[in-house]
Amino acid sequence: MKLFEPITLGTLSLKNPLIMAPMCTYSVNQHDGIATDFHLAHYTARAIGNVGLIIVEATGILPEGRITDDCLGLYDDAQIEPLARIVRAVHARGAKIAIQLNHAGRKCTATDGIDTIYGPSAIAYDESYRQPEALDEAGIERIITAFQASAKRALAAGFDGIEIHGAHGYLLSEFVSPLSNQRS
C-alpha cells in the first residue's frame, strides 16, 4: 500500500488511507449543537488537503450528551442540513466523511438548559463535575433510542459512516468501569 493510492475498508472505497481522527473543535455558536461556517471551512479544508476519510468530532445524541455547550449535536432534525452541507462539500473534493456519535454521561459540562446529567451510577467524575443521576432502565432505553435516531439523522445528512464513541470516560465506557458503574 502506498500513501496516496486508493484503499477499500470493508465496503468503503477511499482515495487514500489517510484518516483524520475526530477532534472536538468546541465551535458551536448558539449552544444549539448546529454546525457553523467554521465547521464547514474546517472539514472542507481537510478534504482539500487530500485526507481520504474525515471523521467529524464527538457529536452529542442528546443535549445533555454533549461534552460542552459548544459541541455539535445530532438530536434534532434542524441539525441535519448544516451537517449535510459539510458532507456535500467534503464529497465534492473527493473525500469520504463519517461522524462520531457520543453521549458524555457524567463528563457532560454543558449547562445551557441542562439541569440534569446522567451516568450508570450517581458518582461524579471528580469534585469539579456535577453529580449525575443514575440511569434506570427507562433512561437507558431513552439513550439507546437517541443513538438510533442520531444514526438515522447522520444517514439523512449523507455521511459515509458512523463511529460510536465508547472511550475517554464518556457514557458507554462508564458502563464498563467499576469506578463509575456500581449498579446492582
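**Close-up views of a predicted model**

View 1. Y125 itself is partly exposed, its relative accessible area being 38%.

**View 2. The aromatic pair of Y125 and Y129.** One aromatic pair is found when the whole structure is searched. The ring centres of Y125 and Y129 lie 5.1 Å apart and the ring planes stand at 75°, so the pair is edge-to-face; an angle over 60 degrees is what that description requires. Both partners fall in the partly exposed class: Y125 has a relative accessible area of 38%, and Y129 has a relative accessibility of 24%.

**View 3. Packing of helix α1 against helix α2.** Two packed helices are described by the angle between their axes and the distance between the axes. Helix α1 covers residues 37-48 and helix α2 covers residues 80-92; their axes come within 9 Å and cross at roughly 20°. The two helices are therefore roughly parallel to each other, as angles under 35 degrees are classed in this way. The crossing in which α1 passes α2 is right-handed. On the α1 side the meeting residues are D37, H39, L40, Y43, T44 and A47, and on the α2 side they are R85, I86, A89 and V90.

**View 4. Packing of helix α2 against helix α3.** Helix α3 comprises residues 137-157, and α2 packs with α3 at an angle of about 45°, the axes being 8 Å apart. That angle makes α2 oblique to α3. The contact is made by I80, L83, A84 and V87 of α2 together with R153, A156 and A157 of α3. The crossing of these two helices, α2 and α3, is right-handed.

View 5. Y118 is located in strand β6, which consists of residues 118-119. With a relative accessibility of 17%, Y118 counts as buried, because the limit for that class is under 20%. Leaving aside residues up to four places away in sequence, Y118 touches E64, G105, R106, P132, E133, L135, R142, L171 and E174. Y118 and F175 are separated by 57 residues in sequence, and their C-alpha atoms are 11 Å apart in space.

**View 6. Two loop residues with positive phi.** Most residues other than glycine have a negative phi. Y26 has a positive phi, near 50°, and is placed in the loop between β3 (19-20) and α1. The relative accessible area of Y26 is 43%, so this residue is partly exposed. H168 likewise has a positive phi, with a value near 60°. H168 belongs to the loop between β8 (161-164) and α4 (171-174). H168 is exposed, with a relative accessible area of 57%.

How values were computed:
Residues are numbered from 1 along each chain as its sequence is written. This is a predicted model: local features need pLDDT of at least 70, side-chain atom pairs count only at pLDDT 80 or more; totals for chains, interfaces and linings use all residues. Side-chain values use heavy atoms; hydrogens and water are left out. Rings of Phe, Tyr and Trp (its six-membered ring) pair if their centres lie within 6.5 Å; planes under 30 degrees apart count as stacked, over 60 as edge-to-face and the rest as tilted. Buried means under 20% relative accessible area, exposed over 50%, partly exposed in between (1.4 Å probe, protein chains only). Axes are lines fitted to C-alpha atoms, for helices over the stretch in contact, and angles run from 0 to 180 degrees between N-to-C directions. Helices (H or I, at least four residues) and strands (E, at least two) are DSSP runs, numbered from the N terminus. Angles under 35 degrees count as roughly parallel, over 145 as roughly antiparallel, 65 to 115 as roughly perpendicular and the rest as oblique. A crossing is left-handed if the near helix is turned anticlockwise from the far one by less than a right angle, and right-handed if clockwise. Contact means heavy atoms within 4.5 Å.
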